[in-house]
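Subject: Structure for you to look at

Hello,

Here is the structure I said I would pass on. Please open it first, and then read my notes below with it on the screen.

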Amino acid sequence: MIEQLTARDYVRAAFKDERLDRFCAYPVLGAVDAKFYGITIEEFLTDAAKFAGAQLAAIEQFEPDIAVMMADLVMEPEAMGQRVDFFDDRMCQQRGYLVDE
(Lines give C-alpha, C1' and ligand atoms only; values in the text may rest on other atoms or scores of the structure.)
Protein backbone atom coordinates (compact mmCIF):
# COMPACT_ATOMS: atom_id res chain seq x y z
CA MET A 1 0.00 0.00 0.00
CA ILE A 2 1.36 3.42 -1.03
CA GLU A 3 1.37 6.06 1.69
CA GLN A 4 -0.70 9.20 0.91
CA LEU A 5 1.43 12.35 1.14
CA THR A 6 -0.02 15.27 3.10
CA ALA A 7 0.39 19.03 2.77
CA ARG A 8 2.76 18.85 5.74
CA ASP A 9 4.91 16.33 3.84
CA TYR A 10 5.17 18.67 0.83
CA VAL A 11 6.04 21.67 3.01
CA ARG A 12 8.65 19.70 4.95
CA ALA A 13 10.20 18.43 1.72
CA ALA A 14 10.34 21.97 0.29
CA PHE A 15 12.24 23.25 3.34
CA LYS A 16 14.66 20.32 3.14
CA ASP A 17 15.12 20.79 -0.63
CA GLU A 18 13.86 17.25 -1.23
CA ARG A 19 12.08 16.25 -4.43
CA LEU A 20 8.66 14.60 -4.29
CA ASP A 21 6.07 13.90 -6.97
CA ARG A 22 5.15 17.62 -7.10
CA PHE A 23 6.16 20.99 -5.68
CA CYS A 24 4.66 22.50 -2.56
CA ALA A 25 1.68 24.71 -3.53
CA TYR A 26 1.88 28.15 -1.91
CA PRO A 27 -0.38 30.59 -3.77
CA VAL A 28 -0.53 34.16 -2.48
CA LEU A 29 -3.85 35.29 -3.89
CA GLY A 30 -4.74 38.32 -1.77
CA ALA A 31 -7.51 40.40 -3.32
CA VAL A 32 -7.99 37.82 -6.08
CA ASP A 33 -9.94 35.96 -3.40
CA ALA A 34 -12.44 38.84 -3.32
CA LYS A 35 -13.16 38.50 -7.03
CA PHE A 36 -13.37 34.72 -6.68
CA TYR A 37 -15.84 35.05 -3.76
CA GLY A 38 -17.93 37.70 -5.53
CA ILE A 39 -17.33 40.65 -3.20
CA THR A 40 -15.69 44.02 -3.71
CA ILE A 41 -12.12 44.65 -2.67
CA GLU A 42 -13.41 47.18 -0.13
CA GLU A 43 -15.65 44.51 1.45
CA PHE A 44 -12.72 42.08 1.44
CA LEU A 45 -10.49 44.54 3.27
CA THR A 46 -13.01 46.02 5.71
CA ASP A 47 -15.38 43.17 6.62
CA ALA A 48 -13.67 40.42 8.64
CA ALA A 49 -16.44 37.86 8.02
CA LYS A 50 -16.29 38.38 4.24
CA PHE A 51 -12.49 38.31 4.31
CA ALA A 52 -12.57 34.95 6.14
CA GLY A 53 -15.26 33.60 3.82
CA ALA A 54 -13.26 34.54 0.73
CA GLN A 55 -10.10 32.97 2.16
CA LEU A 56 -11.89 29.75 3.10
CA ALA A 57 -13.57 29.51 -0.32
CA ALA A 58 -10.18 29.84 -2.05
CA ILE A 59 -8.64 27.22 0.24
CA GLU A 60 -11.48 24.79 -0.50
CA GLN A 61 -11.27 25.44 -4.24
CA PHE A 62 -7.50 25.32 -4.72
CA GLU A 63 -6.42 23.08 -1.80
CA PRO A 64 -3.01 24.70 -1.23
CA ASP A 65 -0.38 23.14 1.01
CA ILE A 66 0.07 26.48 2.81
CA ALA A 67 -2.70 29.04 3.34
CA VAL A 68 -1.71 32.69 3.31
CA MET A 69 -4.12 35.25 4.77
CA MET A 70 -3.00 38.16 2.62
CA ALA A 71 -4.95 41.40 2.72
CA ASP A 72 -3.28 44.74 1.99
CA LEU A 73 -0.34 46.62 3.47
CA VAL A 74 -2.45 49.80 3.72
CA MET A 75 -4.64 48.28 6.46
CA GLU A 76 -2.25 49.15 9.29
CA PRO A 77 -1.76 52.81 8.29
CA GLU A 78 -5.55 53.14 7.89
CA ALA A 79 -6.01 51.87 11.45
CA MET A 80 -3.68 54.68 12.58
CA GLY A 81 -5.73 57.35 10.78
CA GLN A 82 -4.38 57.30 7.22
CA ARG A 83 -7.04 58.17 4.63
CA VAL A 84 -7.54 55.36 2.13
CA ASP A 85 -9.41 55.38 -1.19
CA PHE A 86 -11.14 52.19 -2.35
CA PHE A 87 -11.82 51.30 -5.98
CA ASP A 88 -13.94 48.67 -7.72
CA ASP A 89 -11.25 47.49 -10.12
CA ARG A 90 -7.96 47.66 -8.19
CA MET A 91 -6.40 47.67 -4.76
CA CYS A 92 -6.90 50.58 -2.40
CA GLN A 93 -4.36 53.35 -2.08
CA GLN A 94 -3.53 55.85 0.59
CA ARG A 95 -4.39 59.51 0.13
CA GLY A 96 -1.73 61.97 1.20
CA TYR A 97 0.55 61.38 4.14
CA LEU A 98 -0.27 60.18 7.63
CA VAL A 99 2.21 62.59 9.22
CA ASP A 100 2.75 66.10 7.90
CA GLU A 101 6.34 67.31 7.85
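A salt bridge is a side-chain nitrogen of Lys or Arg within 4 Å of a carboxyl oxygen of Asp or Glu. Side chains of opposite charge can pair when their charged atoms come close. Please keep in mind that this is a predicted model.

**Salt bridges**

A search of the whole structure gives five salt bridges. Three of them are described here.

An α-helix has 3.6 residues a turn, so residues three or four places apart point the same way. Arg 12 is partly exposed, at a relative accessible area of 40%.

Another salt bridge is formed by Glu 43 and Lys 50, whose closest N and O atoms are 2.8 Å apart. Glu 43 is partly exposed at 27% relative accessibility, and Lys 50 is partly exposed at 29%.

Arg 95 and Asp 85 also form a salt bridge, and here the closest N and O atoms are 2.5 Å apart. This pair links distant parts of the chain: Arg 95 is in strand β2 (residues 93-95) and Asp 85 is in strand β1 (residues 83-85), 10 residues apart. Arg 95 has a relative accessible area of 40% and is partly exposed. Asp 85 is partly exposed as well, with 22%.

**Helix α1**

Which residues of α1 are buried? They are Tyr 10, Val 11 and Ala 13. Seen down the axis of α1, these buried residues fall within an arc of 165°, so they line one face of the helix. The face turned away from that buried side carries the exposed residues Arg 8 and Phe 15. Just after α1 comes Asp 17, which takes a positive phi of about 60°.

**Cysteines**

A disulfide is a covalent bond between the sulfur atoms of two cysteines. How many disulfides does the structure hold? The count is zero. As for the cysteines, Cys 24 is partly exposed, with a relative accessible area of 22%. Cys 92 is buried, with a relative accessible area of 10%; the cut-off for buried is under 20%.

Tyr 26, Val 28 and Met 70 make up a nonpolar patch on the surface, and together they have about 290 Å² of accessible area. Met 70 lies in the loop between α4 (48-62) and α5 (75-79). Its relative accessible area is 35%, and Met 70 is therefore partly exposed.

Met 70 is also one of the residues in contact with Gln 55. Leaving aside neighbours within four places in sequence, Gln 55 is in contact with Asp 33, Phe 44, Val 68, Met 69 and Met 70.

Regards

Notes
Residues are numbered from 1 along each chain as its sequence is written. This is a predicted model: local features need pLDDT of at least 70, side-chain atom pairs count only at pLDDT 80 or more; totals for chains, interfaces and linings use all residues. Side-chain values use heavy atoms; hydrogens and water are left out. Buried means under 20% relative accessible area, exposed over 50%, partly exposed in between (1.4 Å probe, protein chains only). Helices (H or I, at least four residues) and strands (E, at least two) are DSSP runs, numbered from the N terminus. A disulfide is a pair of cysteine sulfur atoms within 2.5 Å. Patches are made of residues with over 30% relative accessible area and no salt bridge: like charges are joined within 9 Å, nonpolar side chains (Val, Leu, Ile, Met, Phe, Trp, Tyr) within 5 Å. Accessible areas come from the Shrake-Rupley method with a 1.4 Å probe; for residues, only the protein chains shown count as cover. Contact means heavy atoms within 4.5 Å. The arc is that of the directions from the helix axis to the C-beta atoms.
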